[in-house]
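Hello,

Here is the structure we talked about. My notes on it follow below.

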Amino acid sequence: MDSRAINILLVEDDEVDVMNVKRAFRKNNIVNPLYIAGNGLEALEMLQGIQGDSPLIPTDRRLILLDLNMPKMGGIEFLQNLRSAPKLSLTPVIVLTTSNQDQDRVEAYKLNVAGYLLKPVTFVNFAEVMATLNKYWTLCEMP
Amino acid sequence: MAQFSEDELRSQPAANQQLQLLQAQLADSQRKYRQLQINHEQTVEVLRCQELFLRSIYSNVREAIFVVDVLPDGDFRYVGFNPASERLTGLSAQSVVGKTPEDILPAATAGAVRERYRSCVETEQTVEYEEKLPFAGKDSWWLTVLTPLRNSGEDIYRIVGVSLNITARKQIESRLAMLNSELESRVAARTAELETANQAKDALLKRERHSKAEIEAARQALIMSERRYRSVVENIREVIFQTDAGGRWTFLNASWQKISGFSASESLGQLFWQCFHVEDQLWCRDRLQQTAQDLQEQRRETRLQTRSGEYRWVEIDIQPHYNEAGTFVGAVGIIDDISDRRQAQEMLKARADELTKINTILLHTTRLLERRNQELDQFAYVASHDLKAPLRAIANLSTWLEEDLGDRLPEESKEHMQLMRGRVHRMEALIEGLLAYSRIGRKEVPTETFFLSELLEDVIDSLAPPENFEINLPPALPTLTTKRLMLGQIFSNLISNAIKYNDKAQGKVDIRFQDQGACYEFSVSDNGLGISPQYHDKIFQVFQTLEARDKTENTGIGLSIVKKIIDTEGGTIAVDSQLGQGTTFRFTWPR
């Protein structure tokens, strides 16, 4: 594992969607550590650590793939929490959602997301998108 | 003198004749002769006396008497001038005897005198005339009478003239004439004055007649005016009334009966306020007193109790009435039936109340609607995510199954997998369509100003029509200020339908535009399959398709969206098509 490998946190409640991402990674031999959170709350815990414990995810080179519609804490609410948490506020986030609503998109960008990707019902080349994404972020200097 | 002796002579031949006849009886006659001689002597004596008498007259009369001998040659010679003649002419009798007129008178006068004498001789008649003669260097006027004298031979041998001096008369006459003319001129002047006076009188009369006519006209006008006012008073809708100082009706016009039901004669003498509602009576009474004191007009809406006992809304308007001395003698005024107005007002108020109530309900409904809309938004959101998520999972899972099983999956199963993903796609499209349809009219779409040609080019570009398709735009297209997004969606749907349902080798779409003032009319025509008229209504309904969905994977939402947008914006859409003859969609779009 490359030291520049990016720690990816996928915040997604749909098991099939998680599988979709995993399959795409596997297909493209992406071996980055992939952390999965079922909703915003879980994601925050994983990023911050619970009650003083060190977080589950390494604190550097983090990238979050975020779904918007989730139980307990949705994507937008999660982003608001993330941006207001001093240690987490700079974390790059890419929204990966089925919502093509203007409102969501605008809200997300207001919260400084690095990208907004739509999940079509059948995303034939989803794997390619994942590969591109990974390559791109590997090149990027992290905050 | 001579004249008288000749008369005597004239009777002598007759006596001589008798003498001869009586010669035979000489003796007898001798005696008679002597007797006759005596008689003759007596006669001569009588004659002498007569001559003397006459001579004294001749000598003493005031008139001038002159005698002129008429000579056989026709000349005239004076033979006698009486003393008056001498006195009046200043010529002595002796000096004129044997003289001709020319000898004693100036030539011109003498000629005239001679002519007179001749006229007397020729006519053998007495002539009378007035003449002016110059004697003693003075003109004098004479009235002269010439009388011819005949001798025994019946010849005129002398003229006796008598002249009366009429100078004084003439003078008086001339004065009279002068006075007369003066009088005449005075009369004329007076007549003229009279004439003028008459004219003045006529003018006066005329003026009088004129003023009389004027007065008559004025009187007629007054009568007309009176009649008119009476007719107004009698026919006016309002009651016109008068009361005495105590408030008793003294006059009520015909409308009173119409409004109150009481005849005027029934009401006259009654206290005017007693016919109003108890609550208004005091006001009415006070008003009369105030009217008397404050000189103010007063108006109020009151209730009049009619004969049937009902109350009718009227407006009363009271004004003080004064006699010529300025003493308050009562009130005059108008009562107007305002029951209709009141009724209208009440109706209006009821309507307003109703409207307020409706408005409240509407507000409530609006709030409810807003909440419903929010709910719908929420629903749409949920639908778009929560309904799609399973679909996506199905699609993914079927794909993975295919991938993982590879050759172990029979061809038929692979085909089933394909069909399954097709249905998933359709489901997704349906959801998208439903969401789009539900969004119309709920979301505020911004109004933009843009070139229609650019919009259409964008739309066509996004549809990417096949090579064999020809899309014709009108040469001149306007700049519009409207909801660009909505219009774009309409064109997108219509043009894509035109492309989709076309079986021709060379597809064609014509877009036309017409400015109709209040709105624009657009049409999209194709040379495609066409639509049978029986389906013309159905095509605009949600999820209605004319072909099996498997064939075209069509949701049937497009035209529903088009119609809903146009309806929402206040336009209309119509289809003109026959099966197999192409289709024209025509729609209007408010400016």
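B:Phe585 is buried, at a relative accessible area of 5%. Keep in mind that this is a predicted model. B:Phe540 is buried too, with a relative accessible area of 12%. Both values fall under the 20% cut-off for burial.

Over all chains there are 21 aromatic pairs. B:Phe540 and B:Phe585 form an edge-to-face pair, because their planes stand at 80 degrees, with ring centres 6.1 Å apart. Edge-to-face needs over 60 degrees. The two residues are 45 apart in the chain, and the pair links distant parts of it. B:Phe540 is in the loop between strand S15 (519-526) and helix H16 (549-552) of chain B, while B:Phe585 is in strand S17 (residues 583-590).

Other rings in chain B:

- Ring pairs join B:Phe241, B:Trp249, B:Trp256, B:Phe272, B:Trp273 and B:Phe276 into a cluster.
- B:Arg116 has its charged end over the ring of B:Tyr129, 4.0 Å from the centre.
- B:Arg342 lies over the face of B:Trp313, 3.5 Å from the ring centre.

Now the pocket. The largest one has a volume of about 880 Å³. Where does the largest pocket lie? Domain 4 (339-439) and domain 5 (444-590) of chain B both give residues to its lining, so it lies between them. Chain A takes part as well: helix H4 (102-110) of chain A supplies at least two lining residues. H13(B) gives the most, with five residues. The lining has 31 residues, and nearest the centre are A:Asp102, B:Ala436, B:Arg439, B:Lys443 and B:Leu485. By class there are 10 nonpolar, 10 polar and 11 charged residues.

Then the cavities. There are two of 30 Å³ or more. The largest cavity holds about 180 Å³ of space. Its lining has 17 residues, with B:Phe66, B:Phe81, B:Leu133, B:Phe135 and B:Ser163 nearest the centre. Elements of chain B that give two or more residues to this lining include strand S1 (64-70), strand S2 (76-81) and helix H7 (107-123). S3(B) gives the most, with four residues. The lining has 12 nonpolar, four polar and one charged residues.

The second largest cavity has a volume of about 30 Å³. It is lined by A:Ile8, A:Phe25, A:Leu63, A:Leu65, A:Met130, A:Leu133 and A:Asn134. Strand S3 (62-66) and helix H5 (126-139) of chain A each give two or more of these. H5(A) gives the most, with three. Six lining residues are nonpolar, one is polar and none is charged.

Best wishes

How values were computed:
Residues are numbered from 1 along each chain as its sequence is written. Chains are lettered from A and ligands numbered from 1 in the order in which they are written. This is a predicted model: local features need pLDDT of at least 70, side-chain atom pairs count only at pLDDT 80 or more; totals for chains, interfaces and linings use all residues. Side-chain values use heavy atoms; hydrogens and water are left out. Rings of Phe, Tyr and Trp (its six-membered ring) pair if their centres lie within 6.5 Å; planes under 30 degrees apart count as stacked, over 60 as edge-to-face and the rest as tilted. Buried means under 20% relative accessible area, exposed over 50%, partly exposed in between (1.4 Å probe, protein chains only). A charge sits over a ring if NZ of Lys or CZ of Arg is within 6 Å of the ring centre and within 35 degrees of the ring normal. On a 1 Å grid over the protein atoms alone, a cavity is a set of points where a 1.4 Å probe fits but cannot get out, and a pocket is an open set with protein on both sides within 12 Å along at least five of seven lines; lining residues have an atom within 4 Å of a point. Grid points are joined across faces, edges and corners, and a volume is the space filled by probe spheres set on the points. Ala, Val, Leu, Ile, Met, Phe, Trp, Tyr, Cys and Pro count as nonpolar, Asp, Glu, Lys and Arg as charged, and the others, Gly among them, as polar. Domain bounds come from an automatic or database domain assignment.
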